[in-house]
Structures are given as C-alpha cells and as structure tokens.
Amino acid sequence: MLWVLCLALCGLLTHARAEPGALLRLGMDIMNHEVQSAMDESHILEKMAAEASKKRPGVKPIKGITNMKVKDVKLPVITLNFTPGVGIFQCVSTGMTITGKSFIGKNMEIIVAVNITATNRILQNKETGLPMFKSEGCEIILVSVKTNLPSNMMPNVINKFLDSTLHKVLPGLMCPAIDSVLVYVNRKWANLNAPMPIGQMGTVKYILTSMPTTTASYIQVDFSPVVQQQEGNTIQLADVAEAPQFPEDYAEGSSQLLLSAAFLTAELALLQKSFDLNIQNRRVGKLPPQTTKTLAGFIPEVAEAYPRPKPLVTQIRINKPPKVTMKAGESLMHLHGTLEMFAARRRGKAPVSLFLLEAHFKLKIQYSVHENRLQMTTSLDRLLSLSRESSSIGAFSEQQLTGFITDFLQEAYIPAVNNVLQVGLPLPDILDMNYNLAELDIVENALVMDLKLD
C-alpha cells in the first residue's frame, strides 16, 4: 500500500504548480537592442580611448612608444549568441588608430581592426535578487594591423614590437569596455522587484522564482509575483493542475511575456471591493425608468405592495474574488455576488428591501496595453444563475427577473466595472521595455504578449 500512496503523491506533485505567475522570454531581438543601446548610452569606447591617452600615476609607459594617443574609434558592430546554461557570447568588432613616437624616433601610426570577445554570464544578484550579467574570459583578437613604419626595415623586429605593444595596450583598453557596458544593461533590471501600485488597493512585485535560464534561442525569466493588499496581506496565487506554456509558433529570436490566469485573478482580487455598486438613479443608460412600476412588469406582486411608483435603489455586492479563466482566443471574468433591490422612501427614511438575489455571471475580457499597463475592457457574456435569498414581496420565480437583471447588468454594472479596470495592471519594469507595441494572444490559462521593438 505504501508504494500506491507514494505514486499518488508523486502524481499530485507532478500536476500541481503553486505559483504559475509570469514568464518572460528574452529573445535575441531584445538583447541586441539593449546591448547596442547600452553601448550608445555609455559612449564607452570613446571614453576608454581618452583614458588610454592619459598619463596615469603609477603606470609605467610602454617600452618603445611615447606620447601614445588613441583616436578615430570606429562605430562598433556587436554580435551576440546565446550560450545554453550560461548566458550570452558577445563579439564587438571595432577599430582605432594608435599614435605616438616609436622606438626608431619617428611618429608612429597604427591602424588596427579588432574583435573583443567575452561571455556575459547571467546570474542572480545575491543581495538584490535581481538578474545581472557578468563578463568572463575577455579576449582581444587582432583582425588587421596597418602602420606607417617601414615594413622593409627590420620586419621581424617591427612585427614583434607591434605584436607586443598591441597586446599590452588593447586588453587594458578594450576589456573594461565590456564590463562598463554591462553596468548600463544591469541598471535596467534595477526596478524589477519594486512594488508597483494597482490603484489605491495594493501592489504587485515581480520576484524571481529562480535563476534565469539560457537556451539556444532565449533567456527565460520565471517570476513568482507577490500581490499585496494595502494593509499588507498577501494574496496567494491559486494552484493549477497544469502550468501555462508559451506556444511554439513565435518567430525565432523574438521575445514574449506570459501572464497566467491565476496571476491575473490574484491582481483582480485587490479590486474586489471596488466592484461593489450602489445605484439610485431613475435613469440608467437605455433602461426604462428604475421604479417599482417598471419592476412590476416582471413581478406583479410589486404592484400590489407599491400601488404608487417608488424609485428603485439597487446594490450589487461581490462576495467572492473575481476569477479569470482563459482558453484559446477567449478570456472570461467570473463574478459571484448578491443583488438587492430596495424601494426608496421619503427623505430621511431608509429604503425598504424588496428582495435579495444570489447571482453568478461572467464577463468577456478584451485586453490591450496603454502606458505599459495591461488594460481590460469587459462586456457581459451571460447571467449564469439567479437564486432568491429573501423577499418582502412574497414568493416569485427568479426566472421572471432574468431579462430585467441582464439588462441592468449590461447598462449599469458593466460600465462601472470598466471604470474600475481603467487603473490598469502593471507589467514587469525590465530593460526599459516598451509593451505598448506588443501583440496579445489568449492561450490556455494565460495571456501571451509578443513583444515588439520601437
């Protein structure tokens, strides 16, 4: 029997995942853009060239060359390749001119083309928990060398001099450039796990589940988002039977962000109280006047209790956290709550409850992105159930009210929900990502954003 129990437990562990959260795939399109941007922002090669031309205390001059200067640094060409399990292999092709006075007493000019190669290992910063790149194994490869020194004059001596000189100058000049560029890239992770507000109701933080992993096509970053109410209570993400996955039909080198239905459900739980509604207007959208006379057209007993029309007051209370479900091409929000209708009385007197209904209805969700926040717009899909909990006007069939309540939800409640949802849900603040151009796709249990560059 013990092995049967073990098998059952293993099955449960295999099919349950506590925090599906969010997944980010960084393809080569994003990484190329970010490294090139960091190179441009840092102006690092020009800075290094200027630094190499300075006389620094405690640094001995290179034997055989004086008044050394570096100029005419060429615009670098950057080539990146993913190294599975490690990070990114980087090659920077550039060139420059080194000038000075040579050992034979003449002004020397050396024009070099070089490749700088290094492995940028992706790690998790132990202090901050943030991803970071660290350069390893920097090498300088001379592609070509041209000089104004007489090549027919002692060529072996000159070639040896050039080789030893350049290998002294270039590593100290160029390898720090790689590290400095990575400083700029790493800064763009800095706000990743900072709390981001969802209106006044709470915050979400994108916390790394584990070390980012590198494959031959992308770097994947897994998040266990922390959704926290303003009072400090954390909303747990629901367990799921099957973890959502990226579809496999995205273009090679592209980048995607996946947000699980469980994560979106947790975020909407922050807004639950905001979905409560009180309406006491006679005129609501295209609905007929909200009075007991209109209601009596559906429930005759109302006319007996209120022969003179009274304004209606309607309260909707959501008593369970909203739940988001997703299947290919469709996303729904399930709402469970109560709908209570009152007959208003003269000023100063409390309205009288007519009836209290338990209601379950679902809304279709359309997604978009605005100002780097996920936006939702809903429309009524259908009213699933109504059940009478109490009534002051006697027994009646809830089915009599289906049409009346459906119209009320469409005209009065859905606009109120959409107004609440305008707050938007924050997306990971990572690498200065612009989500506004993303193409959105609803898949099984998840929303996938195919990220696009400006």
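1. Helices (H or I, at least four residues) and strands (E, at least two) are DSSP runs, numbered from the N terminus.

2. A note on the model: it is predicted, so local features need pLDDT of at least 70 and side-chain atom pairs count only at pLDDT 80 or more, while totals for chains, interfaces and linings use all residues. Residues are numbered from 1 along each chain as its sequence is written, and side-chain values use heavy atoms, leaving out hydrogens and water.

3. Is K188 buried or exposed? K188 is buried, with a relative accessible area of 10% (buried means under 20%, with a 1.4 Å probe and protein chains only). Apart from neighbours within four places in sequence, K188 has contacts (heavy atoms within 4.5 Å) that include E34, E41, D429 and D432.

4. Now for the cavities: the whole structure has 2 of 30 Å³ or more. A cavity is a set of points on a 1 Å grid over the protein atoms alone where a 1.4 Å probe fits but cannot get out, and lining residues have an atom within 4 Å of a point.

5. The largest cavity has a volume of about 40 Å³ (the space filled by probe spheres set on the points). Among its lining residues are R317, F361 and L409. Strand 15 (312–318), strand 17 (330–343), strand 18 (352–370) and helix 8 (402–421) each supply at least two lining residues.

6. The second largest cavity holds about 30 Å³. Helix 2 (28–42) and helix 4 each supply at least two residues of its lining, which includes M31, N120 and L182.

Terms used:
Buried < 20%, exposed > 50% of the residue type's maximum accessible area, 1.4 Å probe, protein only. 1 Å grid on protein atoms, 1.4 Å probe; cavity = no way out; pocket = protein on both sides within 12 Å on 5 of 7 lines; lining within 4 Å.
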